[in-house]
Amino acid sequence: MNRFEYVRPDTVAHAVKALADRDARALAGGTNLVDLMKYEVTRPSRVVDINHLPLRQIEPAPDGGLTIGALVTNSELAWDPRITKRYPLLASAILAGASPQLRNAATTGGNLLQRTRCYYFYDPSTACNKREPGSGCSAIGGVNRIHAILGASDGCIAVHPSDMCVALAALEAVVNVEGKDGKRSIPFSAFHRLPGSEPQHDNTMLQGELITSITLPASDFGSNHTYLKVRDRLSYAFALVSVAAALKLEGGEIRTARVALGGVAHKPWRDPDAEQALSNSPGAP
Amino acid sequence: MKQSAVNGKVPISLVINKVRHELDVEPWVTLLDLVREQLQCTGTKKGCDQGQCGACTVLIDGQRINSCLVLAVTRDGAEITTIEGLADGADLHPLQTAFIEHDAFQCGYCTPGQICSAAGLLREGRAHTRAEIREYMSGNLCRCGAYTNIADAIEDVLRQRVSTKEAAE
Amino acid sequence: MSSAEMLHVGRPISRVDGRLKVTGQAKYAAEYPAADLLHGCVVSSTIAAGRIIRLHTDRARAMPGVVEIFTHENSGKAARQDEDWRDDIAPPGHPLRPLHSDRIQFDGQPIALVIAESVEAARDAAALVRAECAIEPHCTQLEAKRSQAYVPPEKRSGIPPPSDPRGEPEQAFAQAPIKFSREYRVHAEHHNPMEMFASTCVFEPGGKLTIYDKTQGSQNVQSYVASVFGLKPANVRVINHYVGGAFGSGLRPQPQLFLAVMASLALKRSVRVALTRTQMFYLGYRPDTFHTVSLASDHQGTLLSIMHDAVAETSQYEDYQEALVNWSGLMYRCDNVKLSYQLAKLNKATPCDMRAPGAANGVTVLECAMDELAHELDIDPLELRKLNFASMDGNTGKQFTSKALDACYREGAAAFGWSGRRREPRAMRDGHELIGWGVSTGTWEAFLQTASARARLTDDCKLEVSTAASDIGPGTWTILTQIGADALGLPLEAVSARIGDSTLPASPVEGGSWTAASNGSAVQAACEAVKHTLFKRAQRMANSPLADASFEHIEVKSGGIGRKDDPRRSLSIAEVMHAADLTEIVEDGQASADPEQAKRYVSYTNSAVFAEVRVDEELGIVRVARIVCATAAGRILNPKTARSQILGGVVMGIGMALHEEAMIDHRLGKIMNHNFAEYHVPAHADVDDIEVIFVDEHDDKVSPLGVKGLGEIGIVGTAAAVANAIFHATGKRVRDFPITIDKLLAA
């Protein structure tokens, strides 16, 4: 772990200011950033401890959805009655990931920003375009049974490791961020990105921006949903592949279908073809 | 806005096992290394230092958390319970007693983490069946393979709690 | 000791060290304080072969708190001869000398040691050391070196080479009506005990060292340190009271030990060096192995030929060997057997015995082949094993001291409900899951090693038994206490055990499942010697009621010594000692194998493992729903801790079957999944119902206590039982361990 400056702002404005430095990193639960710092994968010049920001609420959103503060922990979110009732797909995806200890520390914002589990990304002695742009991708042609099968590039075959984000993709959440130029909202599908020629960028946030909350739309999929995760052991392992599926039924027919895949691409992968094939179909095989 | 001083250290206050500590801590010190190396509280174990084994599990404000991934400065003001603080004086915590009775360990190295994790699990109140105990204890690896006995011990304490609660009602 | 005299032995006593372990008071190697302690962090090579041109340490030295950085250029004086570096367990070859030269022979090899005033400074400065290397070609792929495999020219002490061929195995194979040859592979596994390797070397004025080391043998470490650094053994004390698991990885001194001592001697300060979890992957491991197993039988299933050829990996610098194929010549009766075992050198660290070394992998493939034969013959796989039951060791022609394997088959099958099995694969299903039942035999040699112990009985009827054994988890503290208590008729509370200290009576390393039999028998012998001395003293007393008694007629119990046939004729221990003007009686005892008996007999622990798996047909997810493990292991000293040992072995067997595998990028020569997130060991969710049965087995030859040992047997056979159950569920045979989802779906 490198030596760094530690700051602990009380307001979002202060935090945004502190994050303006190019090598500053926001620290919340620490379950990924501290790990990355120990592996010397991330060497921030400044660590901005955002745990004291007022971002711990789950509140009704104006359009009838829910707004979830960036610092709400994964456990709080998964077990919140509003989530288990209206967005059970999200709850089951969260509970499929990590362990209770990690979920007690990891936050909503942090989960969106967690980095790939690609072996090479974590090993600074190997070439990795995500860790060190331009150095090459050791995973291509290497040990890569956990890597991308969709949307990969010549420069990166890493996958996004989150379970929660797969459900958020299916639910079409919105990510609310704040930076030096003000606030903006990013649709979930536009938040994470494919590696292309810039795999160092996992998402479309701008330098110095901070996630303040995410918003779940009013339109929920409370009744018909599943999160299915296939992994190398029965719990506490990253997905080899996972599926978040949610359906709206009318009169026994599928009206709307949402399908997102995890563990297969650089971002949670919405599958519009599958959704279209299922929508307005009788459903049962 | 609090920040590190020129010498890099940050003044923080932690209550560890009911004792208040006023400390000057470098921000790159984890809670795990703070208790083990600086406070000589070595009951909390380091099994991977990467948040992957659960041996370092402690209770922070009542919640089970991997202390190896917590920079101590980020928990300024928190109440922390480690394995050394679970017993009530000479009286062991029921989980400690059950772990001995069910032989829920061999080498004993993952044990403090297993017990603290189980204490968190009981407090959460979400595990009701054996399958749920197994799932919600999966963040605690045991290489000696004492899982069967650990589940027995936790189930035992869970049942005692349910029957005590029912008797009270 | 007869069973009637045993009040504590054989009972499910809770661990005597339990309270210390559940309260966090049991101290492990990295947890002992020392004044002005320095912390060391190892810098590892990131290439698999080559030479160090230059180590750039400037940035690391500039880190506040850094005291010194050791490399091959300033690592100081150490022994020159390989002989001096060879520990008790070392295989033939040139033992690794950390920081000895510029030569790199494997990825992860220690190349520098950063010493600093704090854990953080050492950790963070180590990351700043950069090695400039001349890279040389490397090979980490066993496939690539298989054709260059060789028979190790020098045998490893204690490891029997494959026995000579018997009968006409090739001819019998050629002529047999039922036959096949199959290729199997068991990938490298890593011990990964929960406690990471660490050594705390406390430097005392005058140069004496007390070393708290994570080791399975304090005296092995003591003699290693003494010979490597040219110290007097008396000036090196090694303590390992508690060891956070090891499974074989602590049999040999690991690099952090050398490094901690080297730094301590050079800096004349106490030093602790702890490895990281990643660095744990560069220590020894269970070697990657290829196997060709050829079986032939008649139409009824009688084995006509067994051939087992294996190739295993080893390092560039040592010829690690284990008994990998020998099992195929002794588990079943067969007149025509041929076994071979070869090594291939790779750019990896030397493998290191891992739980049931050679058997966990070697028996697995034989037992899978037996399952394939049963399927070929369309007979019950358990019946096939019974049909070929070996009542003597075909490799040596010797008799077994006991072999209650038939009871294991019978009782295990009954508990499992084996008779309800439908023979054809894919016949059982529950919803989307296919159900399969598999069986395997397990076996492991029962050893009695030479061990010493001391018993100290004080006039207040307190007994201390001591031996330099280690307790890595099986419960040695507890069983030695039980044995001592019964030997002198004392309550458990009056007995304390002392182990984990090189100053105690001589003990072998804890390994091979021999500790209970060897150290336990030594403790028993020491207590017997105390009893004898007490008796002699009692007889010398004026008007002694025992004057005319012989030793066989007396017993020591409840704080007294008296005649068995007339309890009124007795004396209290206190009065005997006081009359002799003694406050304590101290005697030593020893246990060792009887060479005469060894000419005629061999001893093995045996087991039958039954597994039920549930396989999601579409997704390939395997759940091990239940295991029944029936074991014949002679006398069971403590059913509670004994059961735990079997449970632990079974869990590691599940890991071998489904999870554990070092994934190597052969282009780079690097293990890539070097952590617990990607090297999967079974978690709570993977372990469901496990039933442990100990069948009755009386053995008066295997060891004075009749004990065979349990540390290894639980893992042997488990992986095969699971694999065979997967075949029964799915009809798919995966011969490449671990059986991961991708392999199963592709099969």
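## Contact between chains B and C

In this predicted model, chain B and chain C each give 48 residues to their contact, where two residues are in contact if their C-beta atoms, placed from the backbone, lie within 7 Å. Helices 1 (31-38), 2 (94-101), 3 (111-124), 4 (130-136) and 5 (147-168) of chain B each give two or more residues to the side that touches chain C. Helix 2 of chain B has the largest share, 4 residues. Here helices (H or I, at least four residues) and strands (E, at least two) are DSSP runs, numbered from the N terminus.

Residues are numbered from 1 along each chain as its sequence is written, and chains are lettered from A in the order in which they are written. Local features need pLDDT of at least 70, side-chain atom pairs count only at pLDDT 80 or more, and totals for chains, interfaces and linings use all residues.

## Chain B

Chain B has 5 helices and 6 strands, in the order β-β-β-α-β-β-β-α-α-α-α along the sequence. Its radius of gyration, taken over C-alpha atoms, is 17 Å, close to the 15 Å that the globule rule (2.2 Å times the number of residues to the power 0.38) gives for 169 residues, so chain B is as compact as a globular protein of that length.

The C-alpha atoms of chain B fill a box of roughly 55 × 40 × 30 Å, taken along the principal axes. Among contacts in chain B between residues at least 6 apart in sequence, 57% join residues at least 24 apart.
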